[in-house]
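User: Hi! I'm new to reading protein models. Could you walk me through this one?
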Amino acid sequence: MSVQSAAADVDVDLRQLFASLARNWLRILVVALVVTGLALALAWLATPHYMAETRLLIETRESVYTRPDGTNNDDSPILDEEGVTSQVEVISSTDILKQVAQKLNLSRLAEFDEAADMPVLSRLLVIAGLKSDPNEIPPEERVLKTMREKLNVYRVEKSRVIVIEFSSENPRLAAEIPNAIADAYISVQGNAKTESNSAATDWLAPEIADLSKRVKDAEGKVASYRAQSDLLMGGNNSVLATQQLSELSSELSRVRANRASAEATADGVRRALQNGGSLDAVPEVLSSELIQRLRERQVELKTNIADLSTSLLDNHPRIRALRSQLADLDRQIRNEAEKIMRGLMTQAQTAQARENQLVADVNTLKAASARAGDQQVELDALQREATAQRQLLESYLTRYREASSRKDSNYLPVDARVFSRAVAPSEPYFPKILPIAGAAFVGSLLLMAIVTLLQELFSGRAMRPAAGARFERIEQVAMPVARQEPADIEEGDIGEVEDRAPEAEAEPEAVAAAQATAPATGEVVEPARPTLGEVEIDKAVEKLISSGAARAIFVSPEGDEAAASAVLVAREVSDAGLRVLLLDLTASGAASRPMLDSGLFPGITNLLASEAQFSDVIHPDLYSDCHVIPVGTADPVRAMRAADRLPIIMQSLTTAYDLVVVECGPTDAQGIGRLVGEGTEVFLSMLEPDDEVTHAAVELIESGYPDLTLVTPVGHATPGTPVPGRRSAA
């Protein structure tokens, strides 16, 4: 049996496994103490290293009194998160490290330059060629390489604080170097600002001179164009022609209104005179003083006439005289109204003449204003150009004065400051003797415990048989002993096979004699089992693997119990590493049921009845890597109507698997005709060498299967497969 199959028969005994730790506690403890002692020695002999750190804060250093005009008045930092990260790279740049190395003369120290004080052993290794010569690298590069290995610059998360860490064998250097790096960084930033300020003043000076000339030229163009175009400016900063046009337009509107009023009044007086209507409704007539006096006289005469009419007749001379005077007054009033009408008409004519004159003047000013507008557009363009140049000049002048004053006073604050300087550490950060020893002790204990458990596991001492891995022995019934053991059944030995069973049955005395000669110790001596040349499961598996067979057809004339041969062979070949599928064609599912622990899975009948696909009917064996196609749950009658599809199904299965094992049950040569193909081995599964088996073997050999192999499952046990015993003699 293969290792995989054997491994499935055992379980890990956890109690036995962990008991090995108690049995080997002394070895584990000794190894842990030895490793701890070595760790202590190495930590004690290791060169101590000291670490110190300097902290920088990135922020604007400008105050509200020195900040240039036009900048923000708040004190928020000028750099964002990416900007602070960029400053980390600037701090660890080569230029700054070179300055620090030169300032502190680090090249003379063996810690930073291996060639400064090389040990004799290192020199011998260099001479022998076993170690690279450090002198091949320039001293500056050697020092920078060592500094980068000992330097750690990082930004504190969610802040603008930069930490400069440095480790050294000398605690004084561990503090001096990060402080020197911070000072060098601030100095470099200050020099960069100074250079930027100087570059700005150097650039602004010629630009200001050039802008002054351009401003002067632009303003000269404005004055020259204004003189040439005769654009006189009036009130409200507008052209004189436009202003005059506005005034004449207002005057023209007023004259037109007066003319229209005079014409309307004269027309009303004329209609009143022509129609004989009352003149009292005309305001201009009533406003005349003469007409008012005449009206008063007229009212007085009408009053006298009314008084006299009470005592005198209408033809009385006095009444007639008064009426004559009243008629004269009416004529005088009408004459006066006509004079007023003629005056209004004269006034309207005068207004008309004034209007005509104003219209002519307005037309003249319109043309002049249009020309002035075009000239004003050009003048405005020149003025805008001059204004822009002047504003730019003023801006440059302001910046130049600020930059020049900062350059003269040397006031250029750097946007960073050191708020925590490094101090010489009193304790080394490496090695920590107690933590190293503790970690070595715990780690060695764990490692030795794991090694001990693995040794116990792989040695097999921690294994125990799995529950249900062995089956109870089946009581067997003694059978007659066969006289001879043929190697195989061939066509020429058919008669010999037929005569062998009666001869075996005729010798019961031999069995009784064998039992009688058993030792007195109580041991049961099993009689020799008669054979027909059958082979065991292992031999059948070897034959299938060595021949490279693609199909193995099993016929079981003794019924369901003999179907165990196909199951055992399929599992053994699968354990050997081949892809194996068992196809159960028995009526009761005797081959697939012990492999699946159920007979309710879809199988070959569902596939033949077109109720399922290949992926639905192929199931894994519960006790091996073999695959199984059970009988299925479809109607067998309906499935057998499509029996002609079996050769196609077999061809597909042999293409997908290395070996297809088919259990056909108690069938004949005609029944397996559709299953046989290229690379097919036919097996006859047997439990006892009786007439039924002999007759089935002879029939198969005569039907064209001379290479028939008899195989028996008796004496072979595999988990999950019931081991059939011999049938009862009855």
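Analyst: Happy to! One definition to start: buried means under 20% relative accessible area, exposed over 50%, and partly exposed in between, with a 1.4 Å probe and protein chains only. This is a predicted model, where local features need pLDDT of at least 70, side-chain atom pairs count only at pLDDT 80 or more, and totals for chains, interfaces and linings use all residues. Residues are numbered from 1 along each chain as its sequence is written, and side-chain values use heavy atoms, leaving out hydrogens and water.

User: Great. So is Leu38 buried or exposed?
Analyst: Leu38 counts as exposed, because its relative accessibility is 54%.

User: And where is Leu38 found?
Analyst: In helix α3, residues 25-45. Helices here are DSSP runs (H or I, at least four residues), as are strands (E, at least two), numbered from the N terminus.

User: New topic: which residue has a positive phi although it is not a glycine?
Analyst: Asn105 is one of them, with a phi of about 55°. Asn105 sits in the loop between α5 and α6 (120-128). At 37% relative accessibility, Asn105 counts as partly exposed. Another is Ser610, whose phi is near 60°.

User: Where is Ser610, and how exposed?
Analyst: Ser610 lies in the loop between α19 (604-608) and α20 (614-617). Its relative accessible area is 58%, so Ser610 is exposed.

User: Last one: what kind of peptide bond joins Phe430 and Pro431?
Analyst: A cis one, with omega about 0°. Pro431 is in the loop between β5 (416-420) and α13 (433-459).
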